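Hi,

Please find the structure below. My notes follow it.

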Amino acid sequence: MLTIYSDKHRLQHGKAELIDGTLKPCFENPSRADMVLQEVRSRGLGPVIEPLAHGLEPVLRVHDAGYVGFLQTAWQRWTAMGRDYDALPKMWQIRRLRAAIPEHVEGQLCYYSMDCGTPLTAGTWPAITAAADVALTAIDQLEAGQRGVFALTRPPGHHAARDYCGGYCFFNNAAIAAQSLLDRGAKRVAILDVDYHHGNGTQDIFYQRDDVLFLSIHGDPATEYPFFLGFADEHGEGAGLGFNYNFPLPAASSVALWFAALETALGEVRRYAPDALVVSLGVDTFEGDPISRFSLASTDFLRLGEQIGSLGLPTAFCMEGGYAVEPIGLNAVNVLEGFSM
Ligand SMILES: NCCCNCCCCCC(O)(O)C(F)(F)F
Ligand SMILES: [Zn+2]
């Protein structure tokens, strides 16, 4: 299987994250992609190629122009205030506060974000534009006839909505990939999100549409991040009603329950009969993940890959989460090996 990878991911490296009451080194850091790349190479998964530049147009097909403009200018405006540290919001535009978009960079930082765990740094813009190019280059390769392609994307993307960042995500790589497939002639695309956390951003982007089927298996937002989306009664709206499936599972759910949800999800994909599949591949469902509470073993990721492969669809895998850094490569590449079996 072909892997698309850019070293520019290393430019996104936040200083600290508020976890369990104290500031700790960011869980979402460059070592994650380094370890996955190392495993891709050591397992001989296939060629590794650099992304081609695709510009901002494909990004603007899913993200709001004001939001993209904010991301593009934020660091320069932040440092112009004499600040050289990571840009993080101090508050949010919550209920009954004015909804107008602030002019000032600090107000926009609050307006265009959903949490304080997603540091905007000097390298964020080049890193996220490179990640979008990685995802789009994977679609180039699907269009050229590849059956499965691995977009080793970092930073991740599935929490990034039309007009806000969060959960370590800025550009929604999987959504950009899916939209690009449609723009190149696909009639229907399914996005399967197997990350431990609900892909609220991906759901947000396609919620009113029937040309993208979104399915997500994740920790129940009743007790898990992102708390405010990802419930089973969210089926889409308008033309999109019936094209959104959430499978929230209680924390500490069994592997059997997880695969039962996967089987149901894959049945819906078969029924939808898409032209292609995009997988938001998070491996934080791993039993040893430090911030998540499912218990897949490394061998279960082989089974996951095989099940996805059984759909027989052209598939682009976009890397999302996974924080047990030692086995992250084993777990991610197991999915890709299983798919290729
Ligand atoms: N006590 C731990 C709190 C962690 N709060 C943030 C969780 C973000 C998860 C990000 C992800 O894994 O979903 C992605 F795929 F986007 F990277
Ligand atoms: Zn996750």
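Is Asn200 buried or exposed? Asn200 is buried, because its relative accessibility is 2% (buried means under 20% relative accessible area, exposed over 50%, partly exposed in between, with a 1.4 Å probe and protein chains only). Asn200 sits in helix H7, residues 200–206 (helices are DSSP runs of H or I with at least four residues, strands are runs of E with at least two, both numbered from the N terminus).

On conventions: this is a predicted model, where local features need pLDDT of at least 70, side-chain atom pairs need 80 or more, and totals for chains, interfaces and linings use all residues. Residues are numbered from 1 along each chain as written, chains are lettered from A and ligands numbered from 1 in written order, and side-chain values use heavy atoms, without hydrogens and water.

The sheet: eight strands form an open sheet, ordered E4-E1-E5-E10-E9-E6-E7-E8, with parallel pairing (strands pair if DSSP finds at least two bridges between them). Strands E4 (48–49) and E8 (244–249) are at the edges with a single partner strand each, so one side of each lacks a neighbour in the sheet. E6 (189–193) and E7 (212–219) run parallel, joined by five bridges. Leu192 has Leu215 in E7 as its bridge partner.

Oxygen atoms of ligand 1 lie 2.6 Å from a side-chain N or O atom of His159, and 3.1 Å from one of Asp195. A polar side-chain atom of Asp284 is 2.9 Å from a ligand 1 oxygen.

Best wishes

Conventions: A polar contact is a pair of N or O atoms within 3.5 Å; within protein, one must be able to donate a hydrogen and the other to accept it, and residues adjacent in sequence count only if both atoms are side-chain atoms.
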